[in-house]
Amino acid sequence: MSALHPLVTPRSTPQPVRSLQRWTHNLWSLRIDRPDGFRFQPGHYTKLGLPAGDEHAVWRPYSIVSAPDDPLLEFLIVLIPGGAFSERLADIGPGQNVMLESAVFGFFLEPQLAAGDTLWMLATGTGLGPYVSLLRTPGALDRYRRVVLVHSVRLAAELAYRDELESYVAASGGRLRYLPVVTREPGASPISGRLPQLIADGTLQQQADATLDPASSRVMVCGNPGFTTDMRSLLNGRGFQPCRRGMSGTMLFEKYW
Ligand SMILES: Cc1cc2nc3c(=O)[nH]c(=O)nc-3n(C[C@H](O)[C@H](O)[C@H](O)COP(=O)(O)OP(=O)(O)OC[C@H]3O[C@@H](n4cnc5c(N)ncnc54)[C@H](O)[C@@H]3O)c2cc1C
Ligand SMILES: NC(=O)c1ccc[n+]([C@@H]2O[C@H](COP(=O)([O-])OP(=O)(O)OC[C@H]3O[C@@H](n4cnc5c(N)ncnc54)[C@H](OP(=O)(O)O)[C@@H]3O)[C@@H](O)[C@H]2O)c1
């Protein structure tokens, strides 16, 4: 990705940071004002920018975590050691500005999926964000009888939004299952291991008490590109179909780098 772009583009505005929520020293949520006319659907991403020299800025895409009617826009951000953007963003606090691209992008949109019985929402790391946006949006998942959210992180402290997600589970009357998976802290979660393997050996289906088959399941996959590649191959092998322009499918992917 080309790193440098003009600081102010015709489609960008400076927005003050309203609040930060720190999950760990390298993972936080950032809230900025949602400008008038900024519209999106859960699953869209936009771009955030920061100055880099007098006339340029570094821009990076970020998925939107908030619901479309929230007056604030929220993002879940991981610090990449040495990263050109996230290291700068880590120094920005309430009252300081970030640049916001006024357009939204992407096709990781749940309505692209054909009707189904069970929605599987699979995330690694910050790939959780689009699902939080979906869960915060009233009615967005009403067409499913069951929803299974699986979030894989290295350490338990990185299970961002855990309390909020558990509150949705408690209110769902058994419709929503939330399966946290911690991979580098033995004993920190009932399930451990990489998600494609946990699906291949049936662990996740057993824990969720749900099947994963193209006749009744729909699958969203978001995060680490090694993960999305392995999931695509696994789901292809089971007969899932990608969503194509103008044609609904049974699986959807968003990769973050
Ligand atoms: C569609 C889309 C949506 C995205 N949404 C988010 C988001 O909601 N939150 C977020 O933190 N990032 C998100 N990203 C990644 C983000 O745009 C930046 O790449 C990231 O913040 C790092 O920027 P950087 O300049 O510091 O490092 P970069 O030079 O951009 O990245 C350096 C390396 O860090 C690793 N990396 C980058 N992003 C991540 C990540 N999210 N998790 C784990 N490792 C990563 C990769 O190995 C990458 O090669 C998204 C990317 C895309 C394409
Ligand atoms: N999280 C930390 O403690 C930490 C500390 C210092 C620096 N960083 C840096 O922060 C960045 C982001 O780290 P992150 O932990 O948010 O993201 P990540 O490396 O993508 O890991 C998030 C989750 O995805 C899993 N995963 C990774 N590759 C996978 C694949 N091919 N298939 C299935 N699952 C996969 C990981 O499991 P595995 O554990 O099996 O990989 C982990 O559970 C990295 O660049 C890293 O260098 C992170």
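# A tour of the two ligand sites

Begin with the strands β5 (56-63), β6 (72-78) and β12 (251-255), each of which supplies at least two residues of the shell around ligand 1. The model on screen is predicted. Among the elements, β5 gives the most to this shell, with four residues.

**Stop 1: ligand 1**

Select ligand 1 and the residues around it. There are 18 of them, and those that come nearest are P61, Y62, L76, F85 and S86. Colour the shell by residue class: 11 of its residues are nonpolar, four are polar and three are charged.

Next, show the backbone of L76. One of its backbone N or O atoms lies 2.7 Å from a nitrogen atom of ligand 1. Move to S63, where a backbone N or O atom is 3.2 Å from a nitrogen atom of ligand 1. Then pick A84: a polar backbone atom of A84 is 3.3 Å from an oxygen atom of the ligand. On its own, ligand 1 has 860 Å² of accessible area, and the protein covers 77% of this.

Ligand 1 sits in the largest pocket. Now colour domain 1 (4-101) and domain 2 (110-255) separately; both give residues to the shell around ligand 1, so the ligand lies between them.

**Stop 2: ligand 2**

Select ligand 2 and its surroundings. The shell has 20 residues, and the closest are S152, E158, T183, R184 and R194. By class, nine residues of this shell are nonpolar, seven are polar and four are charged.

Show side chains here. A polar side-chain atom of E158 lies 2.7 Å from a nitrogen atom of ligand 2. At S152, a polar side-chain atom is 2.8 Å from an oxygen atom of ligand 2. For F227, show the backbone instead: a polar backbone atom of F227 is 3.3 Å from a nitrogen atom of ligand 2. Taken alone, ligand 2 exposes 860 Å², of which the protein buries 77%.

Return to the pocket display. The space taken by ligand 2 is the largest pocket. To see which elements line up around the ligand, select β9 (146-153) and α6 (225-237), the elements that give two or more residues to its shell.

Finish with the domain colours again. Domain 1 (4-101) and domain 2 (110-255) both contribute residues to the shell around ligand 2, so ligand 2 lies between them.

Key:
Residues are numbered from 1 along each chain as its sequence is written. Chains are lettered from A and ligands numbered from 1 in the order in which they are written. This is a predicted model: local features need pLDDT of at least 70, side-chain atom pairs count only at pLDDT 80 or more; totals for chains, interfaces and linings use all residues. Side-chain values use heavy atoms; hydrogens and water are left out. A residue is near a molecule or strand if one of its heavy atoms lies within 4 Å of it. A polar contact is a pair of N or O atoms within 3.5 Å; within protein, one must be able to donate a hydrogen and the other to accept it, and residues adjacent in sequence count only if both atoms are side-chain atoms. Accessible areas come from the Shrake-Rupley method with a 1.4 Å probe; for residues, only the protein chains shown count as cover. On a 1 Å grid over the protein atoms alone, a cavity is a set of points where a 1.4 Å probe fits but cannot get out, and a pocket is an open set with protein on both sides within 12 Å along at least five of seven lines; lining residues have an atom within 4 Å of a point. A molecule sits in a cavity or pocket if more than half of its atoms lie within 2 Å of its grid points. Ala, Val, Leu, Ile, Met, Phe, Trp, Tyr, Cys and Pro count as nonpolar, Asp, Glu, Lys and Arg as charged, and the others, Gly among them, as polar. Domain bounds come from an automatic or database domain assignment.
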